[in-house]
Amino acid sequence: GNGPARFTKYEEHSGGSRVLRMIEEVIADSRKTEDDAIASEQDSQAAYENLMKETNQAITAALEKISNMKGAKAQAEEDLVAAKDDLKANLDTLEELHETLGDLKGSCDYVLKNFDARQAARAAEMDALREAKAILSGAK
């Protein structure tokens with residue numbers, strides 16, 4: 001008992017191989033899990049990059065569409081101003097034409113109203129001129 005410790009010969013235990021196999025399986029499972037996690041992360045990264053690329057393309061397309069719409073809106077507003085100016089000018093012209101129509105109608109009504117009287121006066125003048133001509137022809 002109280003003497004120095006003796007070294008005994010190292011011998012493999014019969015249960016040790018099962019333990020080593022189990023540790024190796026755990027290590028293999030850990031590596032597989034790590035590989036799966038890395039592959040999954042890479043897939044997720046690629047999906048994220050595709051999503052960002054598609055999102056940026058969609059944003060660019062939307063901004064371009066907004067820009068085009070702003071241009072179309074500005075053109076439409078410009079056309080509206082021009083159309084309002086044309087409408088005002090046309091209304092002014094229409095009003096002038098209406099006034100001219102009123103003046104012409106009054107003139108025509110006067111001529112039509114006095115036509116018979118004027119025709120009779122002209123006929124009387126022509127008769128008087130014929131008489132004067134006849135008198136003057138006889139005086140010569």
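Predicted model: local features only at pLDDT ≥ 70, side-chain atom pairs only at ≥ 80, totals over all residues.

Biologist: Which side chain does Lys 73 meet in a salt bridge?
Modeller: The partner of Lys 73 is Glu 77, with 3.7 Å from N to O.

Biologist: And where do Lys 73 and Glu 77 lie?
Modeller: Both are in helix α1, 4 residues apart, which is about one turn of the helix.

Biologist: How far apart are Asp 109 and Lys 105 along the helix?
Modeller: They sit 4 residues apart in helix α1, so about one helical turn separates them. Asp 109 has 40% relative accessibility and therefore counts as partly exposed.

Biologist: What about Arg 130, which residue does it form a salt bridge with?
Modeller: With Asp 127, and the closest N and O atoms there are 2.8 Å apart. Arg 130 and Asp 127 are both in helix α2, which covers residues 115-139. They are 3 residues apart, again about one turn.

Biologist: How accessible are Arg 130 and Asp 127?
Modeller: Arg 130 has a relative accessible area of 48%, so it is partly exposed. Asp 127 is also partly exposed, at 41%.

Biologist: New topic. Which residues gather in the patch of negative charge?
Modeller: Glu 95, Glu 96, Glu 99 and Asp 103 form that patch on the surface. Asp 103 belongs to helix α1, residues 16-113.

Biologist: Why does Asp 103 count as exposed?
Modeller: Because its relative accessible area is 60%, and the cut-off for exposed is over 50%.

Biologist: Which residues make the nonpolar surface patch?
Modeller: Val 19, Leu 20, Ile 23 and Ile 27 make it, and the patch is about 340 Å². Ile 27 is placed in helix α1. With a relative accessible area of 39%, Ile 27 is partly exposed.

Biologist: Stepping back, how many helices and strands does the chain have?
Modeller: There are 2 helices and 0 strands.

Biologist: And what share of the residues counts as buried?
Modeller: Of 140 residues, 1%. Buried here means under 20% relative accessible area.

Biologist: Last one: what does the accessible surface come to?
Modeller: About 13,400 Å² for the chain, and 59% of that belongs to carbon and sulfur atoms.

Conventions: Residues numbered from 1 in each chain as written. Heavy atoms only, no water. Patch = residues over 30% accessible without salt bridge, like charges linked within 9 Å, V, L, I, M, F, W, Y side chains within 5 Å. Areas by Shrake-Rupley, 256 points an atom, 1.4 Å probe, with all protein chains shown as cover. Salt bridge = Lys/Arg side-chain N within 4 Å of Asp/Glu carboxyl O. Lys, Arg positive; Asp, Glu negative; His and termini not counted. Charge placed at Lys NZ, Arg CZ, Asp CG, Glu CD. Buried < 20%, exposed > 50% of the residue type's maximum accessible area, 1.4 Å probe, protein only.
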